[in-house]
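This report describes how two protein chains meet. Please look at the sequence and the structure before reading on.

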Amino acid sequence: MELSIAHGFFCFLVYVAAICVVLRVYKNVEPAQAALVTAIIVFFVTATALLIAGGPINVLGFIISYGFFVLCFLMAFGALYKSISLRIMSDLSKTPSKTEVYDQVVARYIAAESYQSRLAVILKNGLAVRMKDRLALTPRGRSIALCIRSVQKAFGIQNSG
Amino acid sequence: MPGSLAAALAIAVLQPIYLWMAGRVPILKGRNALQFLFSGIACVGLWITAVLLFPVCSPRGYAEATISLMALASSVLVYLELWGLISRGYTIGILLTLLNSVEPLSEREIANQYRGGKGLDWIMEHRLAGMLAAGMVRRDADRLVLTRGRGAGVVKLYEIAIRTLGLQRTG
């Protein structure tokens with residue numbers, strides 16, 4: 001068991017190195033997708049390498065420890081990659097006075113970029129359709145929304161978004 | 001499979017039940033983050049109870065206990081991701097706004113009716129409240145100012161992480 005934690009951690013380090021290379025080489029790939037696919041590939045490659053090396057390996061322990069480290073990394077990666085707050089702060093730091101008008105920040109990050117990109121995702125995935133200048137849910141979008149609403153109801157989630 | 005690990009996995013699988021129970025506790029109603037915290041604490045508490053009460057669940061050594069806790073924590077992280085998506089998802093919020101409307105909505109109407117009429121500005125206010133509370137930024141009349149100490153420090157760490165990972169664009 002002790003060894004499986006070390007194996008898991010070592011393979012996790014290989015994963016971090018791999019993701020740094022992958023994101024630099026495949027610049028057009030969605031980073032979240034790249035992070036997930038790389039995690040799976042590194043798992044199989046490193047597990048095979050460990051088995052070929054012939055040392056004692058606790059497979060269950062290895063899977064759990066590798067999975068744990070990768071999940072922790074993916075949580076941090078997701079926060080870095082998706083965080084609007086961090087991006088706002090980063091852009092503020094690039095202005096000479098480290099300050100910006102609040103309404104401009106709202107207009108740029110929330111109204112323009114973030115909102116429009118979400119609408120584009122919804123339309124691209126066929127969850128809603130444009131009818132002239134208005135948007136309506138497709139049957140698929142409606143059934144997904146109904147499903148989410150019932151899950152929220154079941155778990156007592158009152159305010160989402 | 002070791003007993004402590006089996007106990008961790010069994011307890012972890014049942015986390016939706018603890019979440020369901022948390023939704024029924026009056027003091028936690030409408031407080032999504034606290035509901036999840038309650039369920040996470042329940043997981044760890046139940047595992048410790050199982051380890052202490054049942055000899056079969058007792059870990060044989062430090063490594064086995066660590067692996068069991070890693071399994072439990074991994075499961076909690078997966079549920080946290082799903083919970084965050086369902087309770088805070090921006091795209092899901094837009095879908096629900098469209099669902100709640102009897103007729104198709106324009107982009108402006110969706111923005112205004114988002115989150116039960118709070119509007120898209122709510123997202124910014126919510127984020128800003130977090131950044132202000134953490135001392136990363138401050139409000140100066142109509143302007144947003146990055147704080148010199150904490151705010152600038154976090155930006156430095158963020159930029160190092162972005163550069164190291166090779167991320168092109170975030171947010």
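## The interface of chains A and B

The side chains of A:R134 and B:E109 meet in a salt bridge, with 2.7 Å from N to O; the term means a side-chain nitrogen of Lys or Arg within 4 Å of a carboxyl oxygen of Asp or Glu. Across the interface of chain B and chain A, three salt bridges are found. The model is predicted, so that local features need pLDDT of at least 70 and side-chain atom pairs count only at pLDDT 80 or more, while totals for chains, interfaces and linings use all residues. Residues are numbered from 1 along each chain as its sequence is written, chains are lettered from A in the order in which they are written, and side-chain values use heavy atoms, without hydrogens and water.

The contact (heavy atoms within 4.5 Å) takes 80 residues from chain B and 77 residues from chain A. The two chains bury about 7,000 Å² between them, 69% of it on carbon and sulfur atoms; this is the accessible area (1.4 Å probe) lost on being put together, summed over both.

The chains also share an open sheet of three strands, in the order β1(A)-β3(B)-β2(B), with antiparallel pairing. Strands are DSSP runs (E, at least two residues), numbered from the N terminus, and two strands pair if DSSP finds at least two bridges between them. Three bridges join β1(A) to β3(B). Two facing pairs are listed below.

| Residue in chain A | Opposite residue in β3(B) |
|---|---|
| A:V101 | B:R143 |

How values were computed
Helices (H or I, at least four residues) and strands (E, at least two) are DSSP runs, numbered from the N terminus.
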